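Open the model in a viewer and keep the selection panel at hand. The stops below go from a strand pair to the sheet, then to the helices.

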Amino acid sequence: MERGKQFAIDFVKKACHEYFLNRNSDYIMGHCDTYDIILIGLKNTDWAEDFSIFNEHYKVDKFSDTVYYVYACIHLKAENIPGRIKVEGSFICKKINDEFIFGGIHVSGMDKVVYQENNKPFHNMVYKNVLDLSYDVIFEHNLLDNSFKYDAEKFRKLFQVNQYFVNAEQWFWHMCTECIHPEDTEYLDIFRGSDIIKRIRTNQNLIENDIRIKNKEKGYIWVKMTIVFIANAALQRLDKIFIMFKDIDDKKRMDLDYITRARTDALTGLYNREYTEILTRKYLKNKSEGMFVIVDVDNFKKVNDTFGHITGNDLLRKVSESLKVAVDSGDYVGRFGGDEFIIFMKNVTEARVAKAKLAVLMDSLKIYYSEEGQEIEVRCSAGAVIANQESKLDILYAQADKNLYDAKKSGKNRYILTSFIAR
């Protein structure tokens, strides 16, 4: 596993152990981003039980060089509880100066016992019933007699195609060419013979991935694909393969929405400061061409004092919409905080082009607002700097902020533009 992903898992695992085993919520709070963080489901660590961890599983996705999403599933056990508690958590992890902090946490399930212990062995039919209840579609490929079994009606219901497969090869190519989203077909590479042998010899027999499959109503839906390889006792050959699918579309979309909200300013719908900085730093690292702009609403405090914060918030939303319209679709627009906004316009290298873009931007920010017979004429000021090959975001910030200060000091409703000066 990539080092960054492993470090993200280790960071979340440490936090979970501190929280559930040591009742130490300070570890989580001490590693939280203080700006616009989402915390859902965390509770006071004053529960009466002493928990132990019966089982735990972590899965990580990388969204950028500095942002990771970690899913945690932990089964807790306590002596005075006749069962297990399944806790699920979603963690946004941000890497800053080679250390991780949390950018968002969502934990659920701690208040509910989800299954009881039962030491009686299951017989084969019970196993089958459990699998049928746990998954929507199950394929069984027996390599000893080359049989391929599944419930065709359940397959049609989930995959919405009237197709019947006589063998595993036919199913495989249908999945690759007709069913799975092109970006997810790589997950079927696990069926390579050499990889399977390595897996069964290293006890990596179970593989889970979230993939997208075609759906007539929604275009694509998310399903969890679980694959189990069963080898002979000597681990010399593969005897059976179970391929199981579970519809997780609603939950997956909620998770993705949570990730989006962790990147987004709640009031304006723009990117928040952290994510705008992540995108800009990444772009500057690869291609140092563009213009960095800080925009400030003139006399915003007066608007709040005169008309109230509801009007002030509505005004910030109008400014945000104007900014999105005024820039190109690939540019980055975020809310810095309060009534300040940050913009990075890509591929702007000449002063002539920069001035033309700033003129369009400033013209879009001439906003008229009416309320109870009074009309508010809103204007903005901006500080801008053109980046070059030596540009670093921190210095661009400093120069743009100085230019903004000079613009407001010289009368507001204007911008000041300079080129990057290395320091």
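Select D296 first: this residue stands opposite S381 in β17. Strands here are DSSP runs (E, at least two residues), and helices are DSSP runs (H or I, at least four), both numbered from the N terminus. The model is predicted: local features need pLDDT of at least 70, side-chain atom pairs count only at pLDDT 80 or more, and totals for chains, interfaces and linings use all residues. Residues are numbered from 1 along each chain as its sequence is written, and side-chain values use heavy atoms, leaving out hydrogens and water.

Two strands pair if DSSP finds at least two bridges between them.

Next, show the open sheet of five strands, in the order β13-β14-β12-β17-β18, with mixed pairing. β13 (332-337) and β18 (415-419) are the edge strands, each pairing on one side only. From one strand to the next, the twist averages 15 degrees.

Contact means heavy atoms within 4.5 Å.

Then select α12 (residues 393-409), which lies across β12, β13, β14, β17 and β18 and runs at about 140 degrees to β17.

Finish at α9 (residues 300-307) and α10 (residues 309-326), whose axes come within 7 Å and cross at roughly 140 degrees.

Technical notes:
Axes are lines fitted to C-alpha atoms, for helices over the stretch in contact, and angles run from 0 to 180 degrees between N-to-C directions.
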